[in-house]
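Dear colleague,

I am passing on the structure we spoke about, together with some notes on what turned up in it. Please read the notes with the structure open beside them.

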Amino acid sequence: MLKSAVLFSCRKLHFNIFAEDELHVGFRQALESWPEKFRSKFNYSTHPITFPSENAREWRKLFKPCASQRLFLPLILKDVDSLLYVDTDILFLRPVEDIWKFLSGFNSSHVAAMAPEHEEPRIGWYNRFARHPYYGRTGVNSGVMLMNLTRIRAKHFKNDMTAVNLKWADLLMPLLHKYKLNITWGDQDLLNIIFHHNPESLFVFPCQWNYRPDHCIYGSNCNDAEQHGVYILHGNRGVYHDDKQPVFRAIYDVIQKYPFGEDAVHGLLRPLEEKLRDAGHTYCGRVWHIFTKQLQESVRELQKDKIR
């Protein structure tokens, strides 16, 4: 994920990496080993996994060990105005700064931005199975989430627990206590509940900015990706590491194996196109061109930068 962000971005990046303490040394060793041309494109900070002490165990076991950490970023990163949160199974196929531009499209009420969980209600999870409130028709997916932390810290959120609007820090624990027996996807469900009651505060961006297997395993249903290509790939369900969705695994493998600084057409784009053509037996493989459409442009820019 970090490699793909650095590869295609033109602006300098700062990564805030949240991980278990024993992983920090490995992160530093890996990132410091990258060639100087790419290492100079980013700074980074490593942070321990941190939850409120009185309920740390409860938050840690919610869905997956670190998943609910994102809920506490406004309270931990007090000096940060805005950030892009991404799950670790994200791959950028275009510059990070392009999704960052959505922040300038926020109106005065918006505090965060996410993509819909589903485009097609007939295969939607929230509208068919959820036992709690959720945002919009099909809910939202929190794997790629722009957050204006300053606004989140300042806002008083409407809720269904009290007639009084609550600050973020005062909202989370009561929300978990009310819904913990009714939620399946942990912190994502809590975010859906929050923005169900505060829909004016959420900016929704199109599905190609958080493209998941659900967008193609039953047939292509992300129209924006069909028109413009996939911008950010989200390999949830472990699809980078099994053979169920070879398109997703192919993109992961090619980016992982690509040596920094090598010709990106022959070292990245061509090997990927070959792998994708072999995936035509799957629904995602039948629309393989949407996975390279934006990548071709990103590779062209990478080649120009190499010449400069």
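**The sheet and its strands**

Ala-113 stands opposite Leu-146 in β6. Strands and helices here are DSSP runs, numbered from the N terminus, with at least two residues (E) for a strand and at least four (H or I) for a helix. Please bear in mind that this is a predicted model, in which local features need pLDDT of at least 70 and side-chain atom pairs count only at pLDDT 80 or more, while totals for chains, interfaces and linings use all residues. Residues are numbered from 1 along each chain as its sequence is written, and side-chain values use heavy atoms, with hydrogens and water left out.

β5 and β6 run antiparallel and are joined by four bridges; two strands are said to pair if DSSP finds at least two bridges between them. On β3, the pairing with β6 (residues 140-148) is also antiparallel, over five bridges, and within it Ser-82 has Asn-148 as its bridge partner, while Tyr-85 has Met-145.

The open sheet has four strands in the order β3-β6-β5-β9, with mixed pairing. Because β3 (82-86) and β9 (202-204) stand at the edges with a single partner strand each, one side of each is left without a neighbour in the sheet. Neighbouring strands are turned by 25 degrees against each other on average, direction ignored, where axes are lines fitted to C-alpha atoms (for helices over the stretch in contact) and angles run from 0 to 180 degrees between N-to-C directions. Helix α10 (residues 187-197) packs on the sheet and touches β5 (112-116), β6 and β9, its direction making about 65 degrees with that of β6; contact means heavy atoms within 4.5 Å.

Nine of the nine residues of β6 are buried, so β6 is largely enclosed by the rest of the structure; buried means under 20% relative accessible area, exposed over 50% and partly exposed in between, with a 1.4 Å probe and protein chains only. In β3 both faces are covered, with Ser-82, Leu-84 and Val-86 buried on one side and Leu-83 and Tyr-85 on the other.

**Aromatic pairs**

A search of the whole structure gives 21 aromatic pairs, where rings of Phe, Tyr and Trp (its six-membered ring) pair if their centres lie within 6.5 Å, and planes under 30 degrees apart count as stacked, over 60 as edge-to-face and the rest as tilted. Trp-125 and Tyr-126 form an edge-to-face pair, 5.5 Å centre to centre with 90 degrees between the planes, and Tyr-126 is buried, with a relative accessible area of 1%. The rings of Tyr-211 and Phe-291 have centres 5.4 Å apart and planes at 90 degrees, so this pair is edge-to-face. Tyr-211 lies in the loop between β9 and α11 (223-228) and Phe-291 in helix α15 (residues 289-307), 80 residues apart, so that the pair links distant parts of the chain; both residues are buried. One aromatic cluster is formed by Phe-15, Trp-34, Phe-38, Phe-42, Tyr-44 and Phe-260.

With best wishes
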